[in-house]
Each structure stands twice: as structure tokens, then as C-alpha cells.
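Subject: Structure for you to look at

Hello,

Here is the structure I said I would pass on. Please open it first, then read my notes below.

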Amino acid sequence: MQNEIKAAFESVHANDAMKARTMQFVSDTLAKKQKPYRRVLFNKWAVAAYACLLLCAATAGYALYFTPSLVISMDINPSIELQINRFGKVIGTNAYNEDGEALAQSVSLLHKDYNEAVKTVVQSESMQQYLKEDEFLSIAVISENEAQSDEVYAAVSQYTQNKENIECCKVNESDVADAHTFGLSYGKYRMYLEVLAYDQTITPEQVKGMTMREIKNLLDEEQQDTQSGQQNGNGSAQQGANQDGQGNKHQYGPGGKNQ
Amino acid sequence: MRSEDEVNRAIGQYADMIKRICLIHLKNDADTEDVFQTVFLKYALSRIAFENEAHEKAWLIRVTINACKDVHKSFFRTHTVSMDALKEMQDNNPAVQNMEVLEAVLKLPEKYRRTIYLHYYEGYTAPQIGTILGKNVNTIYTWMQRAKQMLRQALGGEQDAK
């Protein structure tokens, strides 16, 4: 039986056509499998590169957006600074006294256009209350970026042009760089420097507890004293004291007020 | 992945064996061709490093049997008429000898067919068949014994089932 079974199976053969078709099928399938593999590999790299590019762009965009390039310091009694990015959007606020904190919390300023943010602060209830009480609001535009500060200064000046008790000025950042070390806003520190030019005994701590109206009155008094001293022939040393680091006359003070 | 030359060599060397395994499992040439393609594609894509020819042959037997089982799982194929493969093969290959023996083998239950083929044709021992099929060696001995008895009965007891 063994031999017969063997002989029976021995006569069974795969035909050549089937072998050829099988070989063709395997060759074709292998070729197809290799091509998609390369394509998938290419796509993987492309997707990875695109993802890296996107990540870099997102990181760069994030860094660019959240880097302040200009500060608008608004001081009346509340002292608040608006950090503005290069796109003119508010990306942060800093308050330098309790009133400033209360004001910052009462208004929504983040991601607003700087113009709109300034209007929002000026029109806020607490700010309007101070203005009604004849307080003095100083809006200082502080930046190293000349082009942007010019643009912002022009826009804010236009807004404050005909408003009572509001003044706007432009300050170079390096001139008021020490403000925050004394716990003062840039705007208040600038006023402190103005007074300091007339009165060497005044300290940042004293200024810190004063409203801007009080500081401005003090400055006016000092300037008047100096002028009267000059008229008496004693105040020649104070000439040019009311000039900023750029040699420009400030916009506030007698005759320079935007009203 | 193996080269086309390796696949070509394997087809030349093992096509007949695979055809025979297909014959004892499948019912028509179309299924046989499907199994051929499946087996040799698996061979081409396999990363197994065969220790020797016997290892390669045993692997191909195992893969072919599994491929045939997969064909059986298909609903349509399980409902086709049996013995078609033999007639189809006879039509295509009139030189087949001992047709009555082959018919008797193909009428056996599948597990017996497989055992008979591996033992009588491929010359594997019961322990080797057990390894290839993943069965206990005693089970293989039992299957061989029963298959021989059934063949003897089918062939009228004239054959010596040694």
C-alpha cells in the first residue's frame, strides 16, 4: 500500500502555468509593497518636518506675541502699566498700588488694541471719579522702539487732546529704567525725576504716597519758585531743567498741557 | 524579505509538494492557486532564517496546511461539492496513476488524509508529524492506525497496509 500511495501522489504535479502565475503574483505584490512603503516613509518624514516647522512657527509666534515692546503707564492715583506687544495688543497689566490693582481687576484689557485699552481705562468708573475730583492723569508711552512709540504716542495724544486734566508724553525706556526698583510706575517715576531736578531732597517713597495731582502741583510750585528766583537773578542754574533726555520740552507743565 | 530568485527556487522545489497538500485539503484548482499564492508570498515576506532544507520544508508544509484551513473557513468554499479537485486534476493531468488509491485516500477524514500523506509520501515519522501538526505523537499513531484500517476497508482488504 505504501508504494501505491507513494506512486499515486508522485504522479501529482503542479503545472507550469500555475507556477508562473504564482511567481508573477509574488513579484507584483512585492513591488507594490515596496512602493507604498517608500511613500509612507516619505510621508512620515514630510509630516514630521511639517510638524517641526509648525511647532517652531508656533513657538516663535508665541514668543513674538507675548514679548512686550512698549509700556503705557497710566497714573492718576491708581498707577497701572499696560504692556503692549509689537502688534499693538495688550499682553499684560501691572498695578503699582492698591487702587491700581482694583482698577486692573475691574476692566478687561488683555489682547485688546492699545487704543481701545487706553479708552477703557480712561472711561472706567474709578478713573472718571478721579477726573471729576480734578485729579491729574498722566499717560506716558515708554519704549526703546522709536517707530512704535511715535505711533502709539500720536494715537493716544489724539485721544487725550481735548480732555481736561489728562496729559500724554513719550519717554525713552532707558531714562526711567530704575522706576520698578523703587516700586514706582514709569509714569510716576518720570514725574519724580522732574521734581528731583528742582528739589534734591525728595525721595521715591514720598512720591509713592502722593497722587499725580499732588506731584504736579509740587512740580508747578518748584518751577514757579525757580522762575521767580531767576527773575531775581538767583536761579540761572535751573535753566533747561524742564527738558527730557532727548532735549524735547515735555508736554505738561505751564503752557504745555494738552487741553 | 526574500529575493525573487529565492522565491523562484522555492517554487521550483516545493510546488509539487504544495500541490499534493492542496489536493488532500481542497476541492478545486482555483483554491489551490490561491493557496499557492498565499504560501509563496508568505515565504517571500518571511524573515525566518531556515537552519536547513528540512526546516524550510517543514515550515512550508505547516504554512500550506494553515492556508488550506483558512480556505475551508470561507463560507462559499465549505459548501462546494467534495472530490471536485480530483476530477479536475484528472481532467488536467491524465497521467495520474493509482487513481483508486488516491480516491480512497481523499475519502478519508481530513486529519487522516494529512497523516497518510506525510507518512507514506513525505516519509515523516509519527513524532515528526506530531511536531509539524502540533499534535501529541500518540494521537498521530492512533490516526495512522485508523487511517490504515479505513484504507484497507476501502480498497477491499486486498492491499497490504504495512
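The notes below go from confidence to chain A, then the interface, then the cores.

Confidence

This is a predicted model. Its scores are ipTM 0.79 and pTM 0.47. For chain B, the mean pLDDT is 83, and 81% of the residues reach at least 70.

Chain A

Chain A has 259 residues, of which 31% count as buried. Its secondary structure amounts to nine helices and five strands. Along the sequence, the order is α-α-β-β-β-α-α-α-β-α-β-α-α-α. Take the contacts in chain A between residues at least 6 apart in sequence: 55% of them link residues at least 24 apart.

The interface

Contacts between the chains involve 35 residues of chain B and 23 residues of chain A. On the chain B side, α1, α2 (29-45), α5 (84-92), α6 and α7 each provide at least two residues. The most come from α1(B), which gives ten residues. By class, the side of chain B that touches chain A holds 21 nonpolar, seven polar and seven charged residues.

Helix α1 of chain A

Which residues of helix α1 of chain A are buried? In this helix, residues 2-10, they are A:Glu4, A:Ile5, A:Ala8 and A:Phe9. Viewed down the axis of α1(A), these buried residues fall within an arc of 130°, so they line one face of the helix.

What do the buried residues of α1(A) pack against? Their partners are in chain B: α1 (4-25), α6 (99-106) and α7 (110-121).

The cores

The largest nonpolar core has 49 residues. Within it, B:Ile18, B:Phe40 and B:Val105 touch the most other members. The largest share of this core comes from α1(B), with ten residues.

B:Ile18 is worth a look on screen. Leaving out residues up to four places away in sequence, B:Ile18 touches A:Ala14, B:Phe36, B:Val39, B:Leu60 and B:Thr64. One of these, A:Ala14, is in chain A.

There is also a second, separate core, with 44 residues. Among its members are A:Leu82, A:Leu103, A:Val156 and A:Val207.

To recap, α1(B) gives the most residues to the side of chain B that touches chain A, and α1(B) also supplies the largest share of the largest nonpolar core.

Best wishes

How values were computed. Residues are numbered from 1 along each chain as its sequence is written. Chains are lettered from A and ligands numbered from 1 in the order in which they are written. This is a predicted model: local features need pLDDT of at least 70, side-chain atom pairs count only at pLDDT 80 or more; totals for chains, interfaces and linings use all residues. A residue is buried if 20 or more other C-beta atoms lie within 10 Å of its own, exposed if 12 or fewer, and partly exposed in between; C-beta atoms are placed from the backbone. Helices (H or I, at least four residues) and strands (E, at least two) are DSSP runs, numbered from the N terminus. The arc is that of the directions from the helix axis to the C-beta atoms. Two residues are in contact if their C-beta atoms, placed from the backbone, lie within 7 Å. A nonpolar core is a set of buried Ala, Val, Leu, Ile, Met, Phe, Trp, Tyr and Cys residues joined through C-beta atoms within 7 Å. pLDDT is the predictor's confidence in each residue, from 0 to 100. Ala, Val, Leu, Ile, Met, Phe, Trp, Tyr, Cys and Pro count as nonpolar, Asp, Glu, Lys and Arg as charged, and the others, Gly among them, as polar.
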